[in-house]
Amino acid sequence: MLVVDDDPQLLRALRINLRARHHGVHTAACGAQALTLASEHPPDVVLPDLGLPDLDGVEVIHGLRGWTDVPIIVLSGRVGGGDKVAALDAGAEEVDGQSEVVHLTPTEWHLLEVLLRQPGKLLSQRYLLSHAWGAAYVNQPANQRLFIAQLRRKLEAQPIRPRHLLTEPGMGYRFQP
């Protein structure tokens, strides 16, 4: 597995969690390093960010698609749907570990990205509302509860007993890897 992101904390968290689940993991902090690592150690899956310091993530996907059909699942903090569409057009996929397609709405996707970028950290309702929807929505926690419930139904093995998308009553939410 190859994880590509310029955020060292996110790379470290993903590396630790994936290795704990017995996955071989290589990490790259930029697009050029990712392409080199992929050619030297062909991965079984690639998890790239779209916002990299040297090459755009879509360019990395195009570079990989030139010689491999490895699954590419994009992890990105970019808000614009156009970036995600470009990544999908370039050859990225959105699949779970069993290769079943998981359809997330743009809002679900963005909320999940905010949680995944800070694994294990309690994020207040206000923080999530402002970062996932914008400052105009900080007083609408009902929307947030609805989207968290939808994410649990789509991503948790037992949505009523979540292991990863946790609620801290009256405080906020936490992504537990």
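In the hairpin formed by β5 and β6 of this predicted model, three residues lie between the two strands, and G170 adopts a positive phi near 75°.

**Overall architecture and confidence**

The protein chain contains seven helices and six strands, which follow one another along the sequence in the pattern β-α-β-α-β-α-α-α-β-α-α-β-β. The C-alpha trace spans about 50 × 35 × 30 Å along its principal axes. A compact globule of 177 residues would have a radius of gyration near 16 Å, and because the protein chain has 16 Å, the value agrees with that expectation. Buried residues make up 38% of the 177 residues, and, among contacts in the protein chain with a separation of 6 or more, 58% are accounted for by residues 24 or more positions apart.

The mean pLDDT of the protein chain is 84, with 91% of its residues reaching 70 or more. Residues 95-100 are a stretch where pLDDT stays under 50, and for these residues the model has three contacts beyond four places in sequence. Where pLDDT is low, the predicted coordinates should not be read in detail.

**The parallel sheet and the helices on it**

Three strands form an open sheet in the order β2-β1-β3, with parallel pairing. Its edge strands are β2 (26-28) and β3 (46-48), each of which pairs on one side only, and the twist from one strand to the next averages 15°. The parallel strands β1 and β2 are joined by three bridges, and in this arrangement L2 stands opposite H26 in β2. Helix α1 packs on the sheet and touches β1, β2 and β3, its direction making about 160° with that of β1. Helix α2, for its part, lies across β1 and β2 and runs at about 155° to β2.

**The nonpolar cores**

The largest nonpolar core has 19 residues, of which L2, V4, V46, I61, I72 and A87 touch the most other members. At least two residues of this core come from each of β1 (2-4), α2 (31-40), α3 (57-65) and α4 (81-90), and α3 gives the most, with four residues. Another core, of 17 residues, lies apart from this one and includes L104, L128, L165 and Y173. In soluble globular proteins, nonpolar side chains tend to be buried together.

Leaving aside residues up to four places away in sequence, L2 touches H26, T27, A28, A34, L37, A38, P43, V45, V46 and L47. One of these partners, A34, is placed in helix α2. With the same exclusion of sequence neighbours, A34 touches L2, V4, A28 and V60. The C-alpha atoms of A34 and V60 are separated by 7.7 Å, although the two residues are 26 residues apart along the chain.

Helix α5 (residues 106-116) is largely enclosed by the rest of the structure, because eight of its eleven residues are buried. These buried residues are E108, W109, H110, L111, L112, E113, V114 and L115. E108, placed in this helix, touches H103, F147, Q150, L151 and K154 when residues up to four places away in sequence are not counted.

| Residue | Relative accessible area | Class |
|---|---|---|
| A34 | 1% | buried |
| E108 | 1% | buried |
| D7 | 22% | partly exposed |

D7 is found in the loop between β1 and α1 (8-20). Its relative accessible area of 22% makes D7 partly exposed, because a residue counts as buried under 20% and as exposed over 50%. The C-alpha atoms of D7 and N143, which are 136 residues apart along the chain, are separated by 29 Å.

Note on methods:
Residues numbered from 1 in each chain as written. Predicted model: local features only at pLDDT ≥ 70, side-chain atom pairs only at ≥ 80, totals over all residues. Heavy atoms only, no water. pLDDT = per-residue confidence, 0-100. Contact = heavy atoms within 4.5 Å. Core = buried A, V, L, I, M, F, W, Y, C linked by side-chain atoms within 4.5 Å. Buried < 20%, exposed > 50% of the residue type's maximum accessible area, 1.4 Å probe, protein only. Pairing = 2+ DSSP bridges. Axes fitted to C-alpha atoms, helices over the stretch in contact; angles between N-to-C directions. Rg over C-alpha atoms; globule rule 2.2 N^0.38 Å.
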